[in-house]
Amino acid sequence: MTDATETAERVNAAEATEGTEKAGEAKGIEKAVNFIKQEQYPRLLAEATPNEKCLTCLLCEPVCPTKAIKVTFNKTREDYGPLRPEMKGKIAIDQEKCNLCGRCAKFCKAFLLVDKGEKEKDPRNLVPYDQLLVDEELCDYCGLCVPLCPEEAIKVEGEPLEVPEGEKEFIGKIEIDQDLCIGCGRCAQVCPYEAMDIKKPFQGEIKLVEKNLVRCDPLGCLACFNVCPAKCWYVDERGKAAPVKDQCIFCGACEKACPVSAIQVERSDVRHTEIKETPWAEEWKQAISAIKTGERLRPDVSGAVSPPDIERQPLPAPEKPKIDSELLRLVDEALKPLEPLLRKPKIRQILEKEPAEEAIKKIVERLRKDEAKKAAAADTTGSIEGAK
């Protein structure tokens, strides 16, 4: 599913929800309360916030595992007029300086960012692109891309495009859906300008249990890869699963999922909003304490009364059905003509894909054709022998 499709689905869902809420208000129906957003209920704090160093580039958006980041820009090259095909010039990119931030590609179609393949993506190297290319057939050497590059990696020779001073500003905007953000910090790690401040929901440590790691088979298992919300797992040089610890949020999902108990997650702190003095405040404190210590208060069940055992009468042994040997022989004889037909791949395909009634019709039709062919062949053989 593409990002555009996902965005459209979200917009449609939001519009549908808004319409339902308005209809409910019109009928006097109370709107459902989202308890997660109520101030009296504490919640985990997981946030990513861009700071003043942010230049608004494309590196953080594709590496976010929950699609919480959206980057937009105010202008493109097309806003300054059509391409000038008669213009001649040169354009060059210094690959040593370029950090593949993608600002130029977002501005002008002449730049092409080559995405990494799914198999090449690795949490140890989060940059989502392989290289930056230039299609000079789409470039008129206007020079507007040169000031956009924060690394001064683009050089253009040609006739610059005259643009009024007030219209040259190329501004980007980064929006982060904090409801989707899990605080993994992948955006901060891929950012070359240290422009993202991260708050993780948990503090702690993740360890691999070496004595159990010998049984780890990431090619056949992938349990830790599949459940990790931060997508921080990779296969190391030993052929074993390993996490990028700086991206781990210490949720503990991988520990629970590992079938060989090769992962251990310890949480030392929980970041959460203030616990208000409500009737459930003590239970919230106990729950947060359990997250850190792994110990839970168990209810006292020593006084519980167990119901008496129910005496169940043993069921009689099932009677062996009587088999009519003559009927069985007739069934076998009736099925014999079908055996060679059922071995054919085309017939098996009909049985698998066609509805039962349609499949029966087609198989009966083929059976009749086979019988007709056999009868015709027998007649031909009889005629030849009679002629002899």
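Author: Let's start with Ala 105, which, apart from neighbours within four places in sequence, is in contact with Phe 111 and Leu 113; contact means heavy atoms within 4.5 Å. This is a predicted model, in which local features need pLDDT of at least 70 and side-chain atom pairs count only at pLDDT 80 or more, while totals for chains, interfaces and linings use all residues. Residues are numbered from 1 along each chain as its sequence is written, and side-chain values use heavy atoms, with hydrogens and water left out.

Ala 105 belongs to helix H3, residues 103-107. Helices (H or I, at least four residues) and strands (E, at least two) are DSSP runs, numbered from the N terminus. With a relative accessible area of 23%, Ala 105 is partly exposed; buried means under 20%, exposed over 50% and partly exposed in between, using a 1.4 Å probe and protein chains only. From Ala 105 to Cys 145 the C-alpha distance is 9.2 Å, across 40 residues of sequence.

Rings of Phe, Tyr and Trp (its six-membered ring) pair if their centres lie within 6.5 Å; planes under 30 degrees apart count as stacked, over 60 as edge-to-face and the rest as tilted. By this rule there are three aromatic pairs. One of them is stacked: Phe 73 and Phe 170, at 4.9 Å centre to centre with 0° between the planes. Phe 73 lies in strand E2 (residues 69-73) and Phe 170 in the loop between strand E6 (154-157) and strand E7 (172-176), so this pair ties together parts 97 residues apart in sequence. Phe 73 and Phe 170 are both buried.

Tyr 80 and Phe 107 make a tilted pair, 6.1 Å centre to centre and 50° between the planes. Tyr 80 and Phe 107 are both buried. Phe 73, Tyr 80, Phe 107 and Phe 170 form one aromatic cluster.

Lys 116 is buried but has no salt bridge, and Asp 130, the nearest side chain of opposite charge, is 5.1 Å away. Here Lys and Arg count as positive and Asp and Glu as negative, with His and the chain ends not counted; a salt bridge is a side-chain nitrogen of Lys or Arg within 4 Å of a carboxyl oxygen of Asp or Glu. The side chain of Lys 116 does reach the backbone oxygen of Asn 125, at 3.5 Å.

Lys 200, in the loop between strand E8 (196-199) and strand E9 (202-208), is likewise buried without a salt bridge, and its nearest side chain of opposite charge, Asp 246, is 6.1 Å away. The backbone oxygen of Asp 246, however, is reached by the Lys 200 side chain at 2.7 Å.

As for the whole protein chain, it has 12 helices and 12 strands. Of its 388 residues, 29% are buried. Mean pLDDT, the predictor's confidence in each residue from 0 to 100, is 86 for the chain, and 90% of residues reach 70 or more.

Methods:
A polar contact is a pair of N or O atoms within 3.5 Å; within protein, one must be able to donate a hydrogen and the other to accept it, and residues adjacent in sequence count only if both atoms are side-chain atoms.
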